[in-house]
Amino acid sequence: MEPDPRFTLANERTFLTWLSTALALSAGGVAMAAVPADVFVPWIRTALAVVLVSLSALAAGMAYPRWRNIQRALRAQEPLPPPALAAVFGYGVAFVAVAALVLIIVSART
């Protein structure tokens, strides 16, 4: 059975949002890696960049399988699968934000 087109289109918009999020995380990781060495401790800057780019790869890599699983559930009129990686992204971005905030405060004092 074909699902209501509105749900299919909403699922597609969510898929595209995951890709946009992946692109933003990747850009943030590249920007963090490009911060001058005298601003943050180099290994911390690199670690934050790696976390951001890793989250980007995970978001991009999981976008299509999530779209496909939701589309399958919509067609079968089954419950939608839970957002398994939501906590990973939420805590990952929060960790990077807090670490960057601490680094900004520490570097401003020196």
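Which residue follows H2, and is its phi positive or negative? Gln 77 follows H2, and its phi is positive, near 55 degrees. The model is predicted: local features need pLDDT of at least 70, side-chain atom pairs count only at pLDDT 80 or more, and totals for chains, interfaces and linings use all residues. Residues are numbered from 1 along each chain as its sequence is written, and side-chain values use heavy atoms, with hydrogens and water left out.

The mean pLDDT (the predictor's confidence in each residue, from 0 to 100) is 91 for the protein, and 99% of the residues score at least 70. Confidence is highest in helix H1 (residues 5-34), at a mean of 95, and lowest in H3, at 88. Helices (H or I, at least four residues) and strands (E, at least two) are DSSP runs, numbered from the N terminus.

An unreviewed UniProt entry lists "domain: DUF202" at residues 6-73; such annotations may be inferred rather than shown by experiment, and positions follow the numbering used here, with feature names shortened. This span is 90% helix and 0% strand, and its end C-alpha atoms lie 15 Å apart.

Helix H2 (residues 42-76) comprises 35 residues and reaches 51 Å between its first and last C-alpha, close to the expected 51 Å (1.5 Å times one less than the number of residues). H2 has a kink of about 35 degrees at Ala 63, shortly before Pro 65; the bend is the angle between axes fitted to the seven residues ending at a residue and the seven starting there.

Ala 84 lies in the loop between H2 and helix H3 (86-109). The C-alpha atoms of Ala 84 and Ser 107, 23 residues apart along the chain, are separated by 36 Å.
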